[in-house]
Structures are given as C-alpha cells and as structure tokens.
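Dear colleague,

I am handing over the structure we spoke about, and my notes follow below it. Please read them with the model open beside you.

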Amino acid sequence: MKIGIDFGTSYSAAAAVIDGEVRTVRFGQERQFRTTVYFPEAVPDLDKFELDDAMEAEVEALVRSARAEQNRNPAQARRSDLELRRDAVRAVRRQWLERQVREARASAASLQNAVYGEEAVEAYLIEGFGNLVQSPKSMLGYQLAPHVRQTIVGIAGYILEHIRLNASQQFGANVRAAVLGRPVQFRSSMGAAGGDQALEILREAAAGAGFDEVDFLEEPVAAALGHHAQSAQRHRALVVDIGGGTSDITLAEVGGAQPPRVLGSWGIARGGVDVDLALSLSRFMPLFGKGATRVPAHHFVEAATVHDVIRQRDFQRRDAYRDVPAPFGPRLIALQDTGNTTRLSRAVEAAKVELSSRERNRAALDYIETGLFQEVLAPDLTAAAEGFLGFLTELLGEVSAQIDAPPQVVFLTGGMSRAPYVRAAVQRCFPDAQLVAGDPSLGVVSGLAFAALAGR
C-alpha cells in the first residue's frame, strides 16, 4: 500500500485514497501531529568525552604502533610523539562516539520509548531530561557534522516509522511505499546542495523506517492535485502553500475531466517560524535584556530558535549571565533551565495565533519569574510579520511577472494561510483572482494521497 506523507516543519500528516475517498491517518484523535519527538535518552554529547583508563591504554597502544611503523619506514616523514598522540586520541574519540550513537539508537529504537507531537513537548517539560527535537525538517539542508547528520537521519526515521505504523494499523495493510512532500526550496546554508542533502537524508530515514519505495513531489504541486480533485470546472489556479518553514507557489490548470497541468513552481525558504522568531526578539527578549544590556544579540537568537538543536545547546551551556544586572541576568539563567526556551516558544506561537483574530494577548512567564508576564498587541504582530511579508510579496511579484496571464483562482493552503495579513498580501498581488481557502492543515497531504494512488 502506498500513502502520501506531508512531513512538515511544524506539523506532519499522512493520507491515502481508498475507494475514491481521501482518508487521513489519525494520530490519537488528531489528523496531524506536531513534528516533534521526545526521547528519554539523550543524544550523545561530544563534549562529555573523557579518556578513562581503558581508553588511555588504547591511545598508548596506537601511539606505540604508529611509532613502530615510522621506525620501519625511515623514508617516511617523521612525526612527533605529540602529533602521534593527538591522532590516537582522535581515533579513540571517534570509536567512543560510534559506540555512544549505537547505544543511544538501540535504546531509543523501541517506539514505546519515544513520544511524538504535543505529547512530546508535554513529556519533555514534565520529565525535565532527555532530548526534545522540534522541526527536524528545518535542519535537513544545513551543513551537518557526520554525527549530527546521523542523528538527524535517525530522528526523521523515527517520525516516519511512527507514521507508517499508524497507517498500517488503521488501514489494515502493510504500508511500505510513500510519496513524500518536499518544498520547492529547502531551508539551507548550502544552496542547491542543501536541497540534495535534504532529499538524501529523507531517503535514508524512510528506508530505516521500513519504506521500500519513496517518491518526492513538490508540496504546492500536491496541493494543486488536491484542488483539482475538488474542482468540476477547468480553470487556471495559483496554489499558494505557506507553512512553518517555507512558502511555495505552483501555477496549474486544474479541474474538469482533463488531468491537471502544472505550468510552473516557485518557492522561498521562509515561513511561520520566521514570524515567530521576529515576534520573540521584538516583544519577549527585551524582558531578558535585549537592547538594555551588553549581552550579544546572537544569544537572544539562540534562545529563540528552538528548532535548531545546535543553537539551543550553545545557549543553554553559556556561563555568561551571572554578572548581567538584575532582573535580566537572573531571567536569562532561568531561561537556560531545561524546557524553558520551549515554554517561551509556545507562548510566542500562541500569541501569533491569537493576535491573528484578537487585539491583545497576555503571556504568563511565571516559570521565569513569579508574576512576570508580557502583553502583546496586534500592531506588534503586524510589525513582526513585516520581514516575512516582504519576502512573500517579492515572491508573488516575481510570479506575477513571469506568468503570461493572471490566475482565475488563488488557492491558499498551509498553516500560515490562516493569517489575515498573509491573505491580504496575496489579494493585493492578485486583486482580480478569486481567493479560495483550502484546508490549512490537509491541503497538501490530500494531493500527496492522490499522487500515491496514481503511482501504484
């Protein structure tokens, strides 16, 4: 059986077409789950490496062996004992890391030890230890050290296996094939190479999760397929899919008896998490001294970027705030406590969602300081969204300039399509098009399900 999987930055979903009807996979009572996983076991930490007696003996043995090899080959360039020891320690360190990774993966491999979605966040906050990984998709296109890459492959694999097993159980079939959605452009630090790496990681993860066959389809193209299935009349549609990490657009002819015809796709690696970050930095981080202390600005970015495990680790390990004047120093130290950056991130996201329909949000921050709160107003969200809207408007303008005729319909999907400021920006760029709101959560996965059906 082949299913469609929307492996999203913020939320993930899966579906299949059965008897002509799209049936979504249920995760508990929900049709999607937050792309977050919690392992009670911690991911191996390189900074915890220390030579014990056994490893020290192994280092000495390697040094003796290398020295003997040099003596047997007088023509070989001579290396000092210090250099030989340094290389031996590196070799022992690599072996130690490999053992740690194997042990961690073995202990976490049992799915009963892993928790997913909102329950993962709650478990992490309650337990106060272990490892919470949020939005692993946002890291796939970045330069990764080999051990970090291996960890990300494993985490993505656990999430995909969670999806596969749920689908197999609900559909009463052995699910071994899938069509995975992918953005037009991954978030990346390596350009096009980052996109290639992201697909390689997803292929490896899917294979480890038990999928024998995996195809990829651009997410806005998938959303166009879903819109096509619901459209009786042929028309020219611009599909705008705005999610947590990326914004993607596809122009297609859809509807009627003819198959859909994709005319072009565009995308940028910007999305809802960019608005979250801007809102956090502008309205919440001043409570911790941003703009009022000499704490470097990037410390606040590290604290606010919860989907980047490396930045989170860097922030939580800093021992730099004891001399920061009160109340900011004590607040920063409190923010470093396990789970508190996650709590703050949830407060920021809740403010973003609430301010899309209300004028005021009040976030309680008692976990930082008794009685501490932050009030955020609708104009604050408007200001925080300006940067993202600038990128989105530029993308929409590029699309408008490149297409030969305006669309009759603009079909909106993706979690950020709920935001009124996003809809207003799209309508300004295409004032004559009919704005159609698709399911923000399931517009992409429905199309992926149809693609899976066609690819059987």
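**Backbone notes**

At 80% relative accessibility, Asp 19 counts as exposed, where exposed means over 50% relative accessible area, buried under 20% and partly exposed in between, with a 1.4 Å probe and protein chains only. Asp 19 sits in the loop between strand S2 (11–18) and strand S3 (21–24), and its phi is near 55°, a positive value in a residue other than glycine. Helices (H or I, at least four residues) and strands (E, at least two) are DSSP runs, numbered from the N terminus.

This is a predicted model, in which local features need pLDDT of at least 70 and side-chain atom pairs count only at pLDDT 80 or more, while totals for chains, interfaces and linings use all residues. Residues are numbered from 1 along each chain as its sequence is written, and side-chain values use heavy atoms, with hydrogens and water left out.

Ser 135 also has a positive phi, near 50°, and lies in the loop between strand S7 (131–134) and helix H4 (146–171), but this residue is buried, with a relative accessible area of 11%. Most residues other than glycine have a negative phi, and most peptide bonds are trans. Ala 326 and Pro 327, however, are joined by a cis peptide bond with omega about 5°, and Pro 327 belongs to the loop between helix H9 (309–317) and helix H10 (328–335).

Finally, Glu 349 in helix H11 (residues 340–354) counts as buried at 18% relative accessibility. Leaving aside neighbours within four places in sequence, Glu 349 is in contact with Tyr 11, Arg 34 and Asp 276, contact meaning heavy atoms within 4.5 Å.
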